[in-house]
Amino acid sequence: MHLELRHLRILQAIFEHGSLTRAAASMGVSQPTLTKQVQRIEEELGGEIFRRGRQGATPTAFGEFILARTRAALANIDEILAYKPGAGALGRLRFGGTMPPWLGGLLDRLSELDADAQVTVHAERAIGTLVDMVVGKRLDLALVADYPGHLMDRRPELECATIAVEPIFIAVSAHHPLADSDEIRLSDLADEQWVVPHSDGMGWPEHLYDVCAAEGFHPKGRYRLSDTALRRELVATGRAVTACQASFAADGNTSVKPLRGDPLWMRHLLIWRRDSPVAPHGPALAETARDAHREAMRQSPAHPAWATRRGGLDRSPSLFNAVD
């Protein structure tokens, strides 16, 4: 068997969905068919890529090596397939990010900024990979994040604009005993089961662990995953709680609450190369991202009330160094 593009997309789908069953459903094939495909890929490459278990499919060390290069290869191929000559002022905009809840609003505003721009989007949880892709000119622009005690290193070839600094909230089931509280003490969640994502390589969930340690406990991370839909399901059904961005959309089954004392924070950053073709548009792109974030905060079910209690939407902690 020769490795083909469709095989790379299979690996990427399994990684993104965290299980062969969900990946098969997203691709419109049966789970046994996908399993056979993975076995053939592993035979061709000479090692196990995913370890299958009750928690889903998690990459092996060999799998991490393969998946990092799969993501890079697919990003390049998608650029080739998406490129069309004759784009507008922004031209072909290769955008990458960690996919915050307000990304859709940002993409809408990018279209408004230049209706002819051809935007390709690369979803990537590993922030270090995003930075490397911008430095290596495989992305024009990336939306990344850092955290107190885990600040992003400044690369001389990069421009970096702060988009927003925001508190990190907590999502619990709507039937949780704390769901009706205005705020939740982090220590009150010490005995809960948590949904904890895989590390983003920049400081999450390490920042969570640091703050919880100061409160005298370590989160019981029964569920280690990055799939947003499954995380929401686990919280909604009362199986776990999770830290979340303030713009995390609550519904009738989940409740999003601020933490008392605001112990957890994050900063959204937009980065691009100083010599990039989009560099002249960098300030406008950064302001577009700020507009999208502000609108998401206004639409958040929990953030406006938090901001009112704190005395304004623009309150920021002194935990981050200015980059602008």
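Helices α1 and α2 sit oblique to each other. Keep in mind that this is a predicted model.

**The α1/α2 pair**

- The axes of α1 (residues 5-17) and α2 (residues 20-27) come within 8 Å and cross at roughly 120 degrees.
- As for handedness, the α1 and α2 crossing is right-handed.
- On the α1 side the contact is made by Arg9, Ile10, Ala13, Ile14 and His17, and they meet Leu20, Arg22, Ala23, Ser26 and Met27 of α2.
- Sorted by type, the residues of this contact come out as six nonpolar, two polar and two charged.

**The largest core and α6**

- The largest nonpolar core has 39 residues, and Val144, Met152, Trp194 and Ile271 have the most contacts inside it.
- At least two residues of this core come from each of α6, β5 (141-146), β6, β7, α7 (206-214) and β11 (265-273).
- Helix α6 gives the largest share of this core, six residues.
- Along α6 (residues 127-135), you'll find Ile127, Leu130, Val131, Met133, Val134 and Val135 buried.
- After α6 comes lysine 137, with a positive phi near 65 degrees.
- Take valine 144 as a way in: setting aside neighbours within four places in sequence, valine 144 is in contact with Ile127, Leu130, Met152, Arg267, His268, Leu269 and Ile271.
- Another core lies apart from this one, with 32 residues that include Leu93, Leu106, Leu141 and Ala296.

**Helix α8**

- In α8 (residues 228-236), the buried residues are Leu230, Arg231, Leu234, Val235 and Ala236.
- Glycine 238 follows α8, and its phi is positive, near 80 degrees.

**Serine 181**

- Look for serine 181 in the loop between β6 (158-173) and β7 (193-196).
- Serine 181 has 21% relative accessibility; buried means under 20%, so this residue counts as partly exposed.
- Serine 181 is eleven residues from isoleucine 170 in sequence, and their C-alpha atoms are 12 Å apart in space.

Notes. Residues are numbered from 1 along each chain as its sequence is written. This is a predicted model: local features need pLDDT of at least 70, side-chain atom pairs count only at pLDDT 80 or more; totals for chains, interfaces and linings use all residues. Side-chain values use heavy atoms; hydrogens and water are left out. Helices (H or I, at least four residues) and strands (E, at least two) are DSSP runs, numbered from the N terminus. Buried means under 20% relative accessible area, exposed over 50%, partly exposed in between (1.4 Å probe, protein chains only). A nonpolar core is a set of buried Ala, Val, Leu, Ile, Met, Phe, Trp, Tyr and Cys residues joined through side-chain atoms within 4.5 Å. Contact means heavy atoms within 4.5 Å. Axes are lines fitted to C-alpha atoms, for helices over the stretch in contact, and angles run from 0 to 180 degrees between N-to-C directions. Angles under 35 degrees count as roughly parallel, over 145 as roughly antiparallel, 65 to 115 as roughly perpendicular and the rest as oblique. A crossing is left-handed if the near helix is turned anticlockwise from the far one by less than a right angle, and right-handed if clockwise. Ala, Val, Leu, Ile, Met, Phe, Trp, Tyr, Cys and Pro count as nonpolar, Asp, Glu, Lys and Arg as charged, and the others, Gly among them, as polar.
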